[in-house]
Amino acid sequence: MKSQKIRAEALLEKLAKQTDGAEIYELRTVELPVRFRAGALESVKAVETAGRALRLIKDGRLGFSTTTDLGDDTYLVQNALESAHYGDPAPFRFPAQQPAPSVQCFDPQVEQMDEQSFIALGEQIVEKIKAYDATLQINVGLSKELEEVSLYNTSGLALTSRRTLLSVSVSATRAREGDIFTIFEATSWRQAKEIDGLALAERLIERLRLAERIVPIQTKAMPVIFRGPGVLALLIPFMVGLDGRNVFLGVSPLRGKLDQKICDERFSLIDDGTLDFAPRSAPYDDEGMPTQRKFLIERGVAKQFLYDLKTAALARAQPTGNGFKAGFMGGGFRYPPRISSTSAIIPPGDRTFTQILKDLDEALIVENVMGLGGGNPLTGEFSNTVSVGFLARKGEIVGRVKNTMIAGNVYDLLRERLIALSDRPEWIFGFAHAPAIALDGVSVASK
Amino acid sequence: MREAILRALERSRADYTEIRVEREWRTEVAYRKENLENLEASSELGGIVRCLVGGGWGIAVFNSLENLERRVEDAFRIAKAVSAKAPERAALAPTRPVQDEVRVTLKKDPRSIPLKQKQELLRRYNELMLKHSGKIVSTTARYTDSFKEVTYANSEGTFIVDERPDVTLLLSATAREDEKNIQTGSESLGWFAGFEAAENQEEHALKAAQRAIELLGAKPVTAGVYTVILDQDLAGVFIHEAFGHLCEADFLFKNPRLQEILKIGRPFGIPELNVVDDGYLEGLRGNSKYDDEGTPRQKVYLIKNGVLNSFLHSRQTAAKMGTQPTGNARAVNYQFEPIVRMRNTYIEPGSATFEQMLKDIDYGIYACGSFGGQTMLEQFTFEAKYAYEIVRGQLGELLRDVVLTGNVFETLKNIEMIGNDLVIKGTSGGCGKDGQFPLPVTTGGPHIRVRHVTIGGKAS
């Protein structure tokens with residue numbers, strides 16, 4: 001690691017002479033994915049990868065290149081310089097090091113986990129689900145990830161951090177003539193003690209049980225309760241609207257709406273990069289800006305958009321520590337930084353899920369959807385196929401719906417039609433924390 | 001490198017060992033509105049070793065090629081640990097060892113085209129969209145090229161060097177009337193070719209911008225169940241999402257229940273329905289002469305004369321199901337082991353003309369262009385870029401926000417007419433499965449007419 005730093009500093013020193021500024025980002029990753037298929041252990045994979053990205057500003061223009069050849073920077077520098085030669089004017093400078101929040105990202109227990117511990121946990125998960133129904137096809141994936149991230153720039157910034165991540169995913173398929181049903185649960189966290197694989201299995205079994213009976217549903221506008229991963233159908237249009245780049249480009253409906261009421265006052269949304277051990281947490285973003293915890297929507301009022309360095313400079317806004325070399329589904333050193341949310345937190349309401357359900361004559365509970373981003377997120381419209389959904393009548397779940405779609409506008413629905421938020425938020429795949437959200441007047445279409 | 005690979009294979013103690021090393025050169029030019037968002041030339045080198053011991057796979061992924069023998073030893077050690085827990089020995093269907101060097105000849109090798117030329121091309125496309133109308137508020141113009149040299153060798157004597165070029169172009173324009181009405185038109189293209197493929201695509205830039213403007217005046221679709229005509233793009237995405245994925249044998253080779261449901265010979269549609277997955281069609285993105293297990297490409301009929309005819313296989317799924325591998329074991333890059341994937345997947349043309357399809361529809365929807373789709377075995381969903389009403393056999397008003405869903409078994413049976421106008425094309429995206437994304441594939445078909453299709457949207 002020491003030699004790495006010396007290497008980076010030597011390269012930066014060289015680049016400082018021929019450029020207006022430069023930034024080196026290095027990522028070394030060790031992963032250990034273990035995979036069970038059809039209830040049996042199938043493979044273990046040991047991943048050991050490393051890459052380097054170089055951004056530089058030359059004659060005021062921005063260049064970018066990446067490589068996996070850590071021993072020779074000749075082509076990396078040559079490529080980045082060529083890119084800068086034709087690149088756009090860089091509206092920003094690489095930042096000096098600033099104080100950052102203390103954020104825990106490393107758990108030695110995760111580091112120590114080996115394939116034997118994953119195999120044992122995988123077997124327990126499989127056994128538990130098999131005990132419920134031995135005919136299910138059960139796939140399990142378990143993995144740890146160790147990352148060593150280094151960021152250096154010619155403004156004197158030098159950051160190195162080690163991060164861990166533990167992930168577990170489980171899927172079960174029930175195949176019957178006329179009904180093939182797949183259900184999926186996943187979680188990830190930087191700390192081992194927060195990951196409970198058996199609880200994940202229990203959750204899955206509970207839903208399989210509820211899914212036994214298939215019930216018809218009518219095409220009409222009706223109350224829909226979004227819960228767990230189902231909440232993402234609502235969250236994605238919001239994140240598109242709150243992305244500072246979309247605001248700057250004029251394709252966000254929230255442009256010009258800061259400090260205006262855009263939702264019901266019971267609804268708030270926080271972007272938090274500082275939560276200890278959350279998968280999307282870190283003291284600094286991938287451009288060296290401190291991460292923050294901030295209200296994007298506070299009691300229904302739009303408060304803040306998300307920015308990286310470049311977009312903030314273009315939009316004459318302050319960077320918010322949201323410049324990451326990763327998209328919604330991960331990324332790595334290969335990508336230039338761009339705007340990305342950290343943990344999305346929706347504060348809970350005060351009614352239990354059971355109470356909310358009881359007060360509704362009829363409601364569709366949407367636990368997961370297919371085709372996320374479907375509809376027109378730029379205007380807040382969503383249109384998704386329900387992959388896991390249950391129909392409830394007077395507080396009782398009567399069965400699973402099939403071949404059903406939901407559609408609506410998140411801004412209209414959360415402004416005018418919010419019934420309630422439940423009191424118990426839950427983590428969704430480790431990157432969003434949200435209660436169940438009940439909305440009236442959601443369009444439901446079915447055969 | 002050849003010697004290092006052969007030596008490492010020779011010393012392996014596993015039942016079966018393979019090594020794949022990929023060297024990639026790639027560039028990207030991306031405009032967002034008038035800003036050049038990324039201009040990049042990069043390179044990458046990495047490898048993967050896969051060892052089979054008994055019933056267990058051990059895999060090692062790495063960037064440093066310095067000590068291949070140690071990587072093989074790592075993969076072997078892991079495979080041994082897995083095999084101790086894997087109840088069933090895994091067999092691989094036999095294939096003939098291959099020694100081959102596949103070199104491509106490109107009109108304009110992207111590696112020798114200066115970055116400036118690529119940037120200028122994209123700036124031109126971007127300006128065409130931006131200047132098309134005052135209502136265009138944003139654009140995306142993105143070009144990528146990648147040239148991969150894949151070296152694959154296994155312990156059965158196969159040694160292949162395979163060159164895989166890939167070029168994509170995404171041209172997308174967003175028009176705004178007001179905050180409630182922001183619409184996007186986009187053209188997404190991809191080729192197994194050189195830089196020349198991305199040239200002279202001005203018409204696509206104009207088409208994207210024009211579509212965005214037109215969609216400002218479109219009406220949102222009303223939720224319901226309709227008779228739908230899918231254009232060639234959507235027919236292709238439909239057959240890929242809804243049916244192609246279901247034919248990937250890794251879903252079912254260890255699932256006897258699913259195999260009972262999906263029996264070869266089961267009727268799936270009208271006799272005119274033929275569905276193909278083909279490993280080579282000139283210039284198409286799904287091409288490669290060998291898959292990532294060294295199995296030669298072939299043309300596979302998934303549905304022949306309306307009846308389920310074959311699955312797509314790797315060597316392992318083929319052995320388990322007692323059949324031949326089909327050349328469909330593909331990996332998106334060196335960080336992944338090959339899994340069963342599609343290549344160029346399409347519905348063969350039938351005999352109907354577009355006019356014949358329209359003729360007796362009283363009220364229906366003509367859905368065009370694809371924003372992509374998703375599947376969970378029987379249930380699928382996909383989104384049209386735009387659509388038209390069909391009223392008493394005539395095309396009517398432009399519609400937007402058309403998202404379709406269905407159950408593959410019902411929907412294939414509900415295909416009632418198959419057009420005579422096959423088109424197969426690649427996009428700038430790709431196929432995703434098990435975390436491997438975006439794999440270059442193409443999809444296609446003629447116009448098809450399907451009854452009883454559920455479309456989401458505002459409930460009337």
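**A walk through chains A and B**

A:F277 sits in the loop between β9 and β10 of chain A. The model is predicted.

The backbone of A:F277 has a positive phi of about 70°, although the residue is not a glycine. Most residues other than glycine have a negative phi. Is A:F277 buried or exposed? A:F277 counts as buried, because it has 22 C-beta neighbours inside 10 Å and the cut-off for buried is 20 or more.

A:D276 belongs to the loop between β9 (269-272) and β10 (293-298) of chain A as well. Along the chain, A:D276 and A:E298 are 22 residues apart. Their C-alpha atoms are separated by 22 Å.

Now take chain A as a whole. It holds 10 helices and 25 strands. Its C-alpha atoms fill a box of roughly 70 × 55 × 35 Å along the principal axes. The radius of gyration is 24 Å. A compact globule of 447 residues would have a value near 22 Å, so chain A agrees with that expectation. Buried residues make up 56% of the 447 residues. Of the contacts in chain A with a separation of 6 or more, 70% come from residues 24 or more positions apart.

Chain A divides into domain 1 (2-208) and domain 2 (213-447). The C-alpha centres of these two domains of chain A lie 24 Å apart. Their contact draws 38 residues from domain 1 of chain A and 29 residues from domain 2 of chain A. Which elements give two or more residues to the domain 1 side? They are β1 (21-31), β3 (40-58), β4 (61-67), β5 (137-153), β6 (158-176) and β7 (179-189) of chain A. β7(A) gives the most to that side, with six residues. By class, the domain 1 side divides into 19 nonpolar, 11 polar and eight charged residues.

Next comes the partner chain. In the contact between the chains, 63 residues of chain A meet 68 residues of chain B. What supplies the largest share of the chain A side? It is β3(A), with 11 residues. The chain A side has 25 nonpolar, 26 polar and 12 charged residues.

Two backbone details in chain B close the tour. B:K33 lies in the loop between β1 (16-32) and β2 (35-53) of chain B. Phi of B:K33 is near 55°, a positive value in a residue other than glycine. With 21 C-beta neighbours inside 10 Å, B:K33 counts as buried.

The other detail is a peptide bond. Most peptide bonds are trans. The one from B:F437 to B:P438 is cis, with omega near -10°. B:P438 has its place in strand β23 (residues 436-439) of chain B.

Methods
Residues numbered from 1 in each chain as written. Chains lettered and ligands numbered in written order. Predicted model: local features only at pLDDT ≥ 70, side-chain atom pairs only at ≥ 80, totals over all residues. Domains from an automatic or database assignment. Contact = placed C-beta atoms within 7 Å. Helix = DSSP H or I, 4+ residues; strand = E, 2+ residues; numbered from the N terminus. Nonpolar A, V, L, I, M, F, W, Y, C, P; charged D, E, K, R; others polar. Rg over C-alpha atoms; globule rule 2.2 N^0.38 Å. Buried ≥ 20, exposed ≤ 12 C-beta atoms within 10 Å, placed from the backbone.
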